[in-house]
Amino acid sequence: MVKRFREIFQQELPFFIGVPALVWQVLFLYVPICYLVFLSVTKVDVDGVAFTLGRYAEFFQVPYLRVLLRSLILATGNAVLCVSVGYPIAYYLAVRAHARSKSLLLMLLMLPFWTNFLVQVYAWFFVFERQGLLNTVLMRLHIIQEPLYILNTTLAIWIIMLYCYLPFAIMPMYAILEKFDVRLLEASYDLGARAWQTFLRITLPLSMSGVMTGFFLVFIPSFGEFVIPGLAGGDKQMFVGSLISHYFLTAGDEYTGATFTCLGALVLATAALTLRYCMNVMIKRVR
Amino acid sequence: MENQYGISRVTLPMYVALVYAFLYIPIMVLVTFSFNESAFSHAWKGFTTDWYVQLWESTEVWDALQNSFIVALGTVSASLTMGFLIVVCGSYTFLGRTLILFYGSLAAPEIVTAVGLLSFFTLFNIPLGIITLIAAHTVMGLGYVVPVLHSRFSELDYNLIEASLDLGATRFQTFRSIVVPLMAPALLSVGLLVFIVSWDDFIISFFCSGGSAQTLPMYVFSMIRSGPTPVVNAISTLLLFITGICVTTFLSFRTRMGGMLW
């Protein structure tokens with residue numbers, strides 16, 4: 001019996017040394033997520049554990065829907081902003097920059113990207129504060145008379161979100177544009193196309209996959225973001241992430257928290273798929 | 001030819017400079033103010049290194065630094081070992097077909113994974129702490145390690161492995177003297193990437209540490225919340241510095257590997 005066991009073990013050795021990663025991944029990612037879904041549809045009362053969709057129904061009320069919508073707008077808007085602000089940068093780095101300045105510029109782009117985002121958020125406090133850099137400069141230049149209150153407003157959230165997520169959008173667009181054949185541009189110009197025509201008909205369509213990757217790399221984490229709205233927006237407005245962390249950490253209500261998390265994830269997935277579909281349709285139109 | 005590139009010959013570099021200024025002005029202000037004498041107002045009072053001295057003497061910071069370091073090292077070793085083994089063994093067994101399961105972990109928003117893990121740990125009454133943090137971060141780490149190593153491994157010249165086996169080397173010898181050296185650059189660079197990811201992570205740590213094992217980002221967060229002092233600037237400056245070193249090392253590996261991972 002023991003011998004048979006050893007034989008199996010030796011024959012299947014690659015399986016046994018390879019399998020821990022799979023176990024780990026399933027145990028600590030897929031099982032917890034399934035458990036979360038399970039929690040979201042159960043209720044515990046005197047009768048014991050029972051199935052319920054009631055808590056999902058409870059979330060179909062204006063205040064909660066407003067939270068979902070607000071996060072959706074923030075995520076979409078931030079993704080659009082990051083992609084449109086970032087595209088020229090990616091283009092410049094990939095197509096225009098000289099080899100030497102390129103590696104330096106890339107490094108300078110990676111540095112804030114890998115810096116802790118709390119540090120990034122905190123850095124903006126010094127710019128936005130009442131006596132901060134922005135107000136000081138604007139008042140010295142006599143553009144404004146009274147200091148602006150930007151901290152703890154929606155504007156602060158948007159600017160800091162753009163700041164933190166911009167590199168996420170630039171990187172995939174850069175990766176695509178770097179493989180872009182510059183001779184296509186020359187061909188287009190030689191054939192008499194104008195700069196904007198070349199951009200719309202050649203450069204943009206060929207780099208669209210990078211744009212989409214960048215869009216979703218920003219869109220998905222932005223949706224659940226709770227630290228930036230909390231710190232920069234002064235917790236004045238609830239976002240999906242802040243409500244989730246409220247249920248789990250402050251209220252200690254796992255069941256409601258799980259329901260809202262699953263609802264949020266559903267909304268996110270639906271929105272992402274819809275957006276992707278719309279983008280694909282648009283790309284086909286342009287072509 | 002050159003001038004056909006049109007309007008953007010001047011506008012584009014100017015725009016790029018502007019965006020880089022946007023990226024760097026806050027960071028530069030932050031670093032400058034870590035040397036500011038005044039603790040409360042944000043006006044410049046004078047140069048001092050007091051905050052760094054305070055930082056040096058604070059036991060909380062050292063504890064947080066130690067926790068961050070242990071968690072990051074634990075995460076790197078666990079995810080690198082397990083990820084590498086499943087990638088290599090995947091080519092012999094059905095495990096190769098399960099690798100797709102590792103590609104999904106980056107698509108799920110981090111907060112979902114975090115609250116899922118939190119409820120999971122609570123269900124089994126597992127006390128939250130460094131161990132749970134490493135377990136959680138390793139899932140994130142595998143999400144980077146497996147895809148990167150898999151793509152690298154499938155580019156390897158399989159003839160080398162076959163030759164080694166034909167010449168009588170055992171599977172273990174082949175693994176040790178053929179596969180590992182060939183994969184070393186990828187292992188190093190993805191290891192560094194995972195280190196930075198774990199080192200910087202806030203969301204998962206925030207949910208899965210239970211407050212008992214404070215990592216550096218969590219410490220920074222609580223300080224910002226409770227009214228920041230220039231000590232936070234000093235920590236932030238140090239973090240920037242550490243990240244700078246990591247990024248430079250990472251990029252030098254990356255260039256040697258021919259630009260994988262963006």
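Read along the sequence, chain B runs α-α-α-α-α-α-α-α-α-α-α-α. That gives 12 helices and 0 strands, where helices (H or I, at least four residues) and strands (E, at least two) are DSSP runs numbered from the N terminus.

Please note that this is a predicted model, in which local features need pLDDT of at least 70, side-chain atom pairs count only at pLDDT 80 or more, and totals for chains, interfaces and linings use all residues. Residues are numbered from 1 along each chain as its sequence is written, while chains are lettered from A and ligands numbered from 1 in the order in which they are written.

Turning to overall dimensions, the C-alpha atoms of chain B fill a box of roughly 75 × 70 × 30 Å along the principal axes. The radius of gyration of chain B is 23 Å, whereas a compact globule of 262 residues would have one near 18 Å; the radius is taken over C-alpha atoms, and the globule rule is 2.2 Å times the number of residues to the power 0.38.

I come now to one helix pair. The axes of α3 (residues 59-89) and α9 (residues 171-200), both of chain B, come within 9 Å and cross at roughly 140°. Axes are lines fitted to C-alpha atoms, for helices over the stretch in contact, with angles from 0 to 180 degrees between N-to-C directions. α3(B) and α9(B) are therefore oblique to each other, given that under 35 degrees counts as roughly parallel, over 145 as roughly antiparallel, 65 to 115 as roughly perpendicular and the rest as oblique.

Finally, in chain A, helix α14 (residues 254-286) has 33 residues and reaches 47 Å from its first C-alpha to its last, close to the 48 Å expected at 1.5 Å a residue, the expected span being 1.5 Å times one less than the number of residues.
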